[in-house]
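Please read it alongside the sequence and the coordinates.

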Amino acid sequence: MAADGVSGFYKGLDSALLRQAVYATLRLGIYFNLTEKVKKDMNNGANLSALQKAGCSLTAGCLGSFIGNPCDLALVRMQADATLPEAERRNYKNVFDAFSRTLAEEGVTGLWRGSIPTMMRASSLNIAMLVSYEEVKERLTALYGPDQPRKIQLSASLVSAVCTACASLPFDNMKTKMQK
């Protein structure tokens with residue numbers, strides 16, 4: 001903080017915003033479209049089983065994170081830059097500089113460095129977050145009825161948050177070490 005001040009906390013903000021816009025939008029969009037398709041075409045309008053939700057989550061997590069990997073790579077590198085010895089720092093100016101320099105220095109495949117652990121993390125995160133949230137919400141709604149939606153959503157969110165953190169952290173660590 002002494003060297004960069006408060007702005008040091010925001011290194012890579014442009015890549016973080018772009019990653020969220022690409023990755024989160026795709027991940028959630030693919031998931032909800034897949035679940036609606038399965039509900040309509042395979043379940044005759046009935047809710048999905050936990051296994052079906054897991055399959056949709058896995059697919060959405062893999063696709064969204066694979067497409068968004070260049071943004072994630074730029075984010076990790078921009079944030080890790082200050083921890084590297086000065087001679088090894090990349091000093092990217094912004095996310096687009098990170099993309100163009102990675103492309104020039106490492107080729108197209110360099111943009112997808114660490115994509116396998118990123119996809120594993122996204123899959124575990126998606127399954128833990130979306131399946132646990134929807135399962136808890138459905139079960140609590142069946143138990144207490146639809147009259148307490150805030151309590152049900154809060155409870156489902158809390159369970160989902162714990163499941164997500166526990167399931168994705170090992171992959172987060174792996175991914176960061178590979179992309180740094």
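**Isoleucine 116 and its setting**

Isoleucine 116 is placed in helix α4; helices here are DSSP runs of H or I with at least four residues, strands are E runs of at least two, and both are numbered from the N terminus. The model is predicted, with local features requiring pLDDT of at least 70 and side-chain atom pairs counted only at pLDDT 80 or more, whereas totals for chains, interfaces and linings use all residues. Residues are numbered from 1 along each chain as its sequence is written, and side-chain values use heavy atoms, leaving out hydrogens and water.

**Overall fold**
- The chain contains 5 helices and 0 strands, in the sequence order α-α-α-α-α.
- The C-alpha trace spans about 60 × 35 × 25 Å along its principal axes.
- Of the 180 residues, 38% count as buried (buried is under 20% relative accessible area, exposed over 50%, partly exposed in between, with a 1.4 Å probe and protein chains only).
- Of the contacts (heavy atoms within 4.5 Å) between residues at least 6 apart in sequence, 73% join residues at least 24 apart.

**Helix α4 and isoleucine 116**
- Isoleucine 116 counts as exposed because its relative accessibility is 54%.
- The C-alpha atoms of isoleucine 116 and serine 65 lie 9.3 Å from each other, although 51 residues separate them along the chain.
- Helix α4 covers residues 115-144, and its 30 residues should span 44 Å at 1.5 Å a residue; the end C-alpha atoms are 42 Å apart, which agrees (the expected span is 1.5 Å times one less than the number of residues).
- Glycine 145 follows α4 and has a positive phi, near 85°.

**Packing of α1 with α4**
- Helix α1 (residues 13-41) packs against α4 at about 50°, with the axes 12 Å apart (axes are lines fitted to C-alpha atoms over the stretch in contact, and angles between N-to-C directions run from 0 to 180 degrees).
- The angle therefore makes α1 oblique to α4 (under 35 degrees is roughly parallel, over 145 roughly antiparallel, 65 to 115 roughly perpendicular, and the rest oblique).
- Contact residues include Tyr23 and Phe32 of α1 and Leu125 and Met129 of α4.

**Packing of α2 with α3**
- The axes of α2 (residues 50-80) and α3 (residues 95-106) come within 10 Å and cross at roughly 100°, so α2 is roughly perpendicular to α3.
- Among the residues that meet are Pro70 and Leu73 in α2 and Val95 and Phe99 in α3.
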